[in-house]
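Please look over the sequence and the model shown here before reading on.

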Amino acid sequence: MQSTFSPLRVTSSSSTRAIKSLLHQSTSSFSTATLARPVAILPPVATSIAYRHHQQQQHPTSSSSSSSSRHKRPQHRSFSLFGSFKAEGASGADTKRIPKAVQNEIPEVLLHDIHPQPMLDEFKGKRLSTADLEAIPIDLGFHREPAGVSDWVAYHVVKSMRIPVDLFFRTKYIHRVVALETVAAVPGMVAGMLRHLRSLRRCSHDGGWISHLLHEAENERMHLLTWMKVAQPTLFERALVTAVQGVFFNVFFALYMVSDKTAHRVVGYLEEQAVISYTHMLDEIAAGVLENGPAPKIAIDYWNLEETATIRDVCLAIRLDESVHMHTNHHLSDRIALKQEDLRVDIQKMQEERGMIPTQNAEKVWTKGNKY
Ligand SMILES: [Fe+2]
Ligand SMILES: [Fe+2]
């Protein structure tokens with residue numbers, strides 16, 4: 001049977017032209033001078049980054065002075081988060097090409113502490129020893145029984161997702177958690193973004209969700225950055241992570257639009273699996289299968305651990321975070337089901353019951369009908 005598809009035809013001459021054009025751009029249009037041209041008018045947050053400059057060997061027959069000067073660019077450059085960069089000690093000609101707006105200093109308002117905050121208050125006091133971490137309560141056997149069809153689907157989708165992950169990574173535990181944390185950091189950001197947009201559309205308060213969801217995403221990213229200090233993913237794993245992120249972001253986005261209740265339930269079950277995975281990692285450390293080396297500095301700073309902390313301590317701390325996400329996402333899903341999404345008044349009641357001093361009277365400050 002003849003195919004009904006009519007494939008996009010790319011003639012060899014047109015494809016060759018396109019490739020030649022790209023190659024031409026890479027050697028001529030993308031010169032340092034062009035890249036130094038600013039693409040943003042905002043003052044850059046410039047951070048000096050040393051990077052390997054793949055200096056092209058100048059051909060002995062080449063006598064072009066412009067080519068020679070291009071190949072002798074300094075190796076340290078100031079990168080701008082907004083896309084432009086200039087060479088340190090760049091020539092006068094280069095500097096002239098950069099508008100004054102881009103050369104401004106960092107605005108004062110950006111000079112505040114941007115150190116990410118941990119999820120649990122226990123990590124914000126004194127430095128924690130292994131015994132302190134073990135003493136923090138955690139509900140290891142927790143499992144939320146599916147209630148209804150959507151819960152059942154969420155649970156079995158998550159359970160089935162574990163199979164290919166187990167088959168692919170096998171005993172490469174650190175590589176496995178690096179890959180998983182790249183996925184785990186997506187739902188909080190997507191949910192936070194969608195709740196933010198909903199709040200704008202409805203001109204009403206978010207009920208106290210957004211800041212928590214964004215905090216969760218940041219916390220998961222800190223898990224990733226921690227494990228990146230322990231093991232670097234291979235090129236293939238990086239490519240896989242990119243592909244999975246592209247798919248997962250869109251699937252979760254669509255799911256949240258259709259049923260935010262199911263989306264939070266999916267995250268709840270994912271976090272149940274995360275707790276199980278970190279428990280398994282702790283078992284492997286105890287059995288001597290996984291080396292219990294020193295904790296990376298980023299983990300010591302973030303979770304306020306002792307300087308002698310180990311990978312086991314990091315696993316204990318991250319498992320506590322995963323447990324927090326597990327309970328929170330199941331709770332958020334339940335609240336959607338019960339149509340009690342506003343967290344503010346309940347949080348204040350709990351604060352009063354526990355003798356905590358509420359910073360503000362939530363009911364009076366936030367509730368004017370259901371609007372600001
Ligand atoms: Fe995580
Ligand atoms: Fe998590």
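The paragraphs below take up confidence and then the packing of helices.

The structure is a predicted model. Its chain has a mean pLDDT of 77, with 68% of the residues at 70 or more. Residues 1–89 have a pLDDT below 50, and in the model this stretch makes 78 contacts beyond near neighbours in sequence. Another stretch, residues 368–372, also stays under 50 in pLDDT. For residues 368–372 the model has four contacts beyond four places in sequence.

Helix H10 spans residues 235–258, and helix H7 spans residues 173–184. The axes of H7 and H10 come within 9 Å of each other and cross at roughly 25 degrees. Because angles under 35 degrees count as roughly parallel, H7 is roughly parallel to H10. The crossing of these two helices is right-handed. On the H7 side, the contact is made by His175, Ala179, Thr182 and Val183. H10 contributes Glu237, Val241, Val244, Gln245 and Phe248. By class, the residues of the H7 contact with H10 are five nonpolar, three polar and one charged.

H10 also packs with helix H8, which covers residues 186–202. Here the axes come within 10 Å and cross at roughly 40 degrees. That angle makes H8 oblique to H10. H8 passes H10 in a right-handed crossing. From H8, the residues Val186, Pro187, Val190, Ala191 and Leu194 take part. They meet Gln245, Phe248, Phe249, Phe252, Phe253 and Tyr256 in H10. This contact of H8 with H10 has 10 nonpolar residues, one polar and no charged.

Lys339 follows H13 and has a positive phi, near 55 degrees.

The partner of H13 is helix H9, residues 210–228. H9 and H13 pack at an angle of about 155 degrees, and their axes are 11 Å apart. Since angles over 145 degrees count as roughly antiparallel, H9 and H13 are roughly antiparallel to each other. H9 passes H13 in a left-handed crossing. Glu216, Asn219, His223 and Thr226 make the contact from H9. The H13 residues in this contact are Val314, Ile318, Asp321 and His325. By class, the contact of H9 with H13 divides into two nonpolar, four polar and two charged residues.

Terms used:
Residues numbered from 1 in each chain as written. Chains lettered and ligands numbered in written order. Predicted model: local features only at pLDDT ≥ 70, side-chain atom pairs only at ≥ 80, totals over all residues. Axes fitted to C-alpha atoms, helices over the stretch in contact; angles between N-to-C directions. Helix = DSSP H or I, 4+ residues; strand = E, 2+ residues; numbered from the N terminus. Parallel < 35°, antiparallel > 145°, perpendicular 65-115°, else oblique. Left-handed = near helix turned anticlockwise from the far one by under 90°. Contact = placed C-beta atoms within 7 Å. Nonpolar A, V, L, I, M, F, W, Y, C, P; charged D, E, K, R; others polar. pLDDT = per-residue confidence, 0-100.
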